[in-house]
Amino acid sequence: MRERTFAPSRLLIYLVVSLVAAAYLAPLVVVVLNSLRSNEEIAQASMIGWPQQWAWNNYARAWSGFCVAETCAGIRPYMLNSALVTIPATIISTLLGAIAGYAVSLWRFRGDNWIYGIVTLGLFLPQQMRLLPWTIVLRDVGLINTLTGLVLIHTIQGLSFTTLFCRNYYVAVPHELIRAARIDGAGFFRIFWRIILPLSGPILIVTVIWQFTHIWNEFLYGVTFTTGQQQPVTAALIALSAAIADIPQHGVQSAAVIIAALPTLLIYLLGGKYFVRGLTAGAVK
Amino acid sequence: MTDVVATAARPATPDWVRRLPEYLMIWVPLLLSAAHLVTFSLWTIWISFTPSTLVPVTGWVGLRNYSAVLVSRNWQIAFDNLLLFGSAFVLLSLMTGLLLAILLDQRIRGENVLRSIFLYPLAVSFVVTGTVWSWLLNPGIGIQKLVHDLGWTSFRFDWLVDRDMAIWTIVIAAIWQSSGFAMALFLAGLRSVDADIIKAAQIDGAGPIRIYRRVVLPTLWPITITVVVVQLQFAISAFDLVRALTNGGPGIATQLPALVVYDLMFQRSQLGRGAAAAVLMLLILLAVLLPYAAWRYVRQRRTTHA
Amino acid sequence: MPITTTRRRLLAGSAAALAFPAFARAQGAAKPRLTAISQWSAGSDGAAITALGKKFEEKGGVWQHSPVPGFTTEMMNKLRAQIIAGDPPACSQLKGPEIAAWSKIAPTVDLDSIVAAAGYEKVVAPDLAKLHKPGGKWIALPLQIYSTNMLFLSKRGMDKAKADKIPVTWADFNELADKMKSAGMNYPLANGGTRPDDGQKFEASFAGISPVAYRAAIMNLDKKALEGPEIKAAFAQTRKIADWCDPNVGAQPYATNLKRFIDGDMGMMIQGGWAQGVLRNAGFKFDDFIIAPGPSDNGKPVFLLNADAFIFWQRKEADLQAGQMLMAQLVMDPAIQTMYSQITGSIPVRTDVDLSGEGWSDGQRRTAAALKDAVANNQAVLSLAHNMAQQNGLTAAMIDVLTEYVKNKTIKPEQAVTRLADAVEGAR
């Protein structure tokens, strides 16, 4: 089956794969092309077309030109805000999830199954439902309108995913390894640091990719719990999509979409290989 | 090891004090996470029995919020749509994911590039996916217009504005976005099939299709269940995508429960009813998750007893 | 943790609030600062609020505007979060009956004396004033007015149909649309397909057929009027309008069609004055289109009122109080209203602003004249589609029926009447 058999069937495979790949790429191609067409050109023809004149300045406007109310700084400051929330929240939730997953899978303590079960249920709790309770929590801890508040939300919510995947990954670690280390006198953290963490590459890549994209792309909390100058990049993108008081600016909007998606796209491109490998180990048990 | 010596030198320190840091690192995050889930759910359940409108208030209205939601046209349409969208999306993304995984498993050239192509939609936000597909699928400015401009003027692809077909545009966009995840999981499963079993089957003279059907696919069952649960979860909570693509339209033809919850809670300022709809949504989720949990439990017992 | 904000607790806050004299005193002491929340972030809306902020800064104030892009819902989420956190903005965008509803959940500023000092009450349409003083006291100030049923006519479209008369009644309108259609326009109407747009198609029909029935049915929810012959006729007219719109526009906003409208591929549009701001922003000329009052069967203009407003939330900080004072004065200032309306395409709230000068369009002059006429004839009614007639819950339930009717041609007018009445009953 996995040897090269006769040519026609392989030709068919390549044909099907290329067709599907083309379909998957089509939306990206359309957005990239639109990012290089002027708003007027798009309005006159259609959303799909080859640029008549290369409108490179769409990118300049998207990056540092267009206005969200009185702030005419393009998407740039919002990218920074998103990074300030996404990077710490991703790192903290991944690290805490790894420790929790390691504890639940390899140390076993009383009530671990219960708490683990509840935490994983968090994957399924719709986020619209959590908006008001979070408002109340943020008020009570005094973190409303701070980026720290958003980091807190994304860390706590992210634990559901990171704990689940890390735990599923670590169950496969042979218990003898841990037992031997404990006999040598190594404690909880030492074993984590010396034995578990070096093994964790693939699964950490999965959780980092997952957390990063989800937090980067989040909108609802991002606009509710920040004020003007701290809003995330998704808010700036929404401001660009046609409002009641504006004609569609599809060209600049496309350029902004591309810029805003670059960090997550890069992460997938660079980590895609490890993503599959990590999933092999993490999600299947 | 130095710290073994160190701890041995201080026998007076009780065990739990020595292990306090690790207890804190394990329990604080886990408890916070579990506590927020439990309190938030209980809070929503409680609100669903109050007459809350703009902000939460105390009071008791019994099941009135529930009956108001259940008889509303919006909820009924949303529920029907969820059944259709949920089953169509899960089934189709399962098939797409499996097909892509099998194709990529044929030791083809350019596997890295292809895998990236199938995975990249996962990196894009739902809002962007919805917006871009609303461009492509809008007959006035998208694919239909393109084909018309190319000369085939009788071509029709207007599902987005067709009440009966609009829900399928959401299926298309959702599959585009998330079938890469199914593919990755299936590929992971295919790669972990024991090569010796396949060798043995080949020696027995089985053809490739027969090997897939008899040997490889049966091992994918656990993964399939995982994929189904993850995708169903996605279907039930689909929100940003639908809002950007159809916003529930044309008319109210593509309402979905998550949209109804958000709409009631925040746009219509009927917090009590919105909470009731959210609780109904949780019940739907439980209806999916409980059988899954039971299945896992049974499977785990079987493996430990075997 | 205390997780409810009970009504009583919120009202208790208002008792502790400062009285007006302290408010006035504060102005001299501190540099005025204003925290404001609005959804105005893009296009002419964004430009107008930015210009207002500049004026505020010119007067020595610190302008801290927090735009919330997206739907109104997101703006209200933000406002709700700030109120629950006990940190409401000094002022925020809010309109119609929502002013009364929201004023119950957090203490607002009593603007009576400052409004009296400016003599503002005398120059605001009475129906409008009522919305901004629930409980008898001014707590919010309207900033600009639109009529949601203005008729936009494309000059090139009119030429194409060889028509030169502006339609007055629905019969005229229908005749013109037919003429345009036979002149080769597939879709004579350039309206979009969003929820408010579908609401507008209906309310323009209903109020144009009978403002009296509209007031009874939509504003006062009178059961008999909700099932009367006028509303059935309104649904029939709505169907005609829907059939003249391009179905392929789907849920896109009207702005998608503006180029086709100016080019004369689509001849007419029922829209508020905001479309003028957008057209101007897009570089189209005033000569390209005509704006006239929407069709009215009794020949006298019907005005479907839509007014944007700011509500003022109570704050203890002296600088914020001074900022509120300054902002209130600016909002009521005829020069500021002129500046604002000239950017967005609305008309001033003040009925005493002279629109004859440069910078105003004929369309705006006609809109202002229509308002005066309509008020005199008791034909100025509140818009349903733009959340002026009812609170959001009821509005949304009614728009559900309207948008479904517009998009589903198999629903008969009489069925729609029943459904609308049921929706009202269900949402109450």
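## Strands and pairing

Two strands count as paired if DSSP finds at least two bridges between them. Strands themselves (E, at least two residues) and helices (H or I, at least four) are DSSP runs, numbered from the N terminus. With that in hand, look at C:Leu153: its bridge partner in β7(C) is C:Ile290.

This is a predicted model, where local features need pLDDT of at least 70, side-chain atom pairs count only at pLDDT 80 or more, and totals for chains, interfaces and linings use all residues. Residues are numbered from 1 along each chain as its sequence is written, while chains are lettered from A and ligands numbered from 1 in the order in which they are written.

Strand β5 (residues 150-154) of chain C runs antiparallel to β7(C), and four bridges join the two. They belong to an open sheet of three strands, in the order β6-β5-β7, with antiparallel pairing. At the edges sit β6 (268-271) and β7 (289-292) of chain C, each pairing on one side only.

## Where chain C touches chain B

How many residues does each chain bring to the contact? Chain C gives 29 residues and chain B gives 29 residues, with contact meaning C-beta atoms, placed from the backbone, within 7 Å. On the chain C side, α4 (72-84), α5 (98-103) and α19 (392-407) each give two or more residues. The biggest giver is α19(C), with seven.

## A closer look at α19

Notes:
Contact = placed C-beta atoms within 7 Å.
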